[in-house]
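Here are some exercises to work through with the model open beside you. Try each task yourself, then follow the solution step by step.

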Amino acid sequence: MSKSRNRVLSAALIASCFAGPALAESFGLGRPATPDEIAAWDLDVSPDGTGLPEGEGDVWTGEELFEQHCAVCHGDFAEGVDNWPKLAGGFNTLDRQDPVKTVGSYWPYLSTAWDYINRSMPFGNAQTLTADEVYAMVAYILYSNGLVDDDFVLSRDNFLDVEMPNADGFFVDDRPETEYGIFTGEPCMENCKENVEITMHARILDVTPDEGGE
């Protein structure tokens, strides 16, 4: 078989892997995902609590789990080890040149903590925690940030009752409504302004290389 024919067949095979259902049927590749397979990927939890499973976890259970699975990187009290991320502290640092962005000081939604732990932690052994264990870990992280008491039990029922300190520190990106139209329309090519005046020279602004002379 010629090299060119090999290349054509290889390209067709690669294309079929990314093709839609109709092409997949034509090449006899693939099958519809089963409900269990879809459920395994459908793990996201939204800020309004959508996606949270049943379950609960208390601070002290969370502390034990945290020490077992997380402390090696994040410290016993979520304070971080070396360059590994800090999960607690950092309050009143967001206006500094080097802010400390933690679950308590920065994150606006508690669902981000639950979702990330559930998807990606423990490091190297992701998605091995039960829902109760994730609730407990999140409860302990809240406690480490001084946001709940030591007898706190986190569950789906009280999840949205937890107030995150920086919840109002973000705003919705309105550029699609306020700016994008300016740059996507027909550009103005002449007589774009009624009056044009020079307000400063580049040399004075120190943006022109000084090669000597006038």
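**Exercise 1. Describe the secondary structure of the protein and the order of its elements.**

Step 1. The protein has 10 helices and two strands; helices (H or I, at least four residues) and strands (E, at least two) are DSSP runs, numbered from the N terminus.

Step 2. Reading from the N terminus, the order is α-α-α-β-α-α-α-α-β-α-α-α.

Step 3. A word on the ground rules: this is a predicted model, in which local features need pLDDT of at least 70, side-chain atom pairs count only at pLDDT 80 or more, and totals for chains, interfaces and linings use all residues. Residues are numbered from 1 along each chain as its sequence is written, and side-chain values use heavy atoms, with hydrogens and water left out.

Step 4. Of the 214 residues in the protein, 27% are buried (under 20% relative accessible area; exposed is over 50% and partly exposed in between, with a 1.4 Å probe and protein chains only).

Step 5. Take the contacts (heavy atoms within 4.5 Å) between residues at least 6 apart in sequence: 56% of them join residues at least 24 apart.

**Exercise 2. Find the buried residues of α4 and what covers them.**

Step 1. In α4, the buried residues are Val59, Gly62, Glu63, Leu65 and Phe66.

Step 2. Now look at the start of α4, where a side-chain oxygen of Asp58 comes within 3.1 Å of the backbone nitrogen of Trp60. This is a polar contact (a pair of N or O atoms within 3.5 Å; within protein, one must be able to donate a hydrogen and the other to accept it, and residues adjacent in sequence count only if both atoms are side-chain atoms).

**Exercise 3. Describe the aromatic pair of Phe66 and Tyr140.**

Step 1. The structure holds six aromatic pairs (rings of Phe, Tyr and Trp, the last by its six-membered ring, with centres within 6.5 Å; planes under 30 degrees apart count as stacked, over 60 as edge-to-face and the rest as tilted).

Step 2. The pair of Phe66 and Tyr140 is tilted, with 5.3 Å from centre to centre and 50° between the planes.

Step 3. Phe66 belongs to helix α4 (residues 59-69) and Tyr140 to helix α7, so their pair ties together parts 74 residues apart in sequence.

Step 4. Phe66 is buried at 1% relative accessible area, and Tyr140 is buried at 1%.

Step 5. Widen the view: ring pairs link Trp60, Phe66, Tyr140 and Tyr143 into a cluster.

**Exercise 4. Is Asp115 buried or exposed, and what does Asp115 touch?**

Step 1. Asp115 lies in helix α6 and is buried, at 15% relative accessible area.

Step 2. Leaving out residues up to four places away in sequence, Asp115 touches Leu43, Asp44 and Val45.

Step 3. The backbone nitrogen of Val45 lies 3.0 Å from a polar atom of the Asp115 side chain.

Step 4. Other buried residues of α6 (residues 110-120) include Leu110, Trp114 and Ile117; the cover over the buried residues of this helix includes α7 (131-144) and β2 (153-155).

**Exercise 5. Where is Thr102, and which backbone oxygen lies 2.6 Å from a polar atom of its side chain?**

Step 1. Thr102 is in the loop between α5 (71-74) and α6.

Step 2. With 1% relative accessibility, Thr102 counts as buried.

Step 3. The backbone oxygen is that of Gly89.
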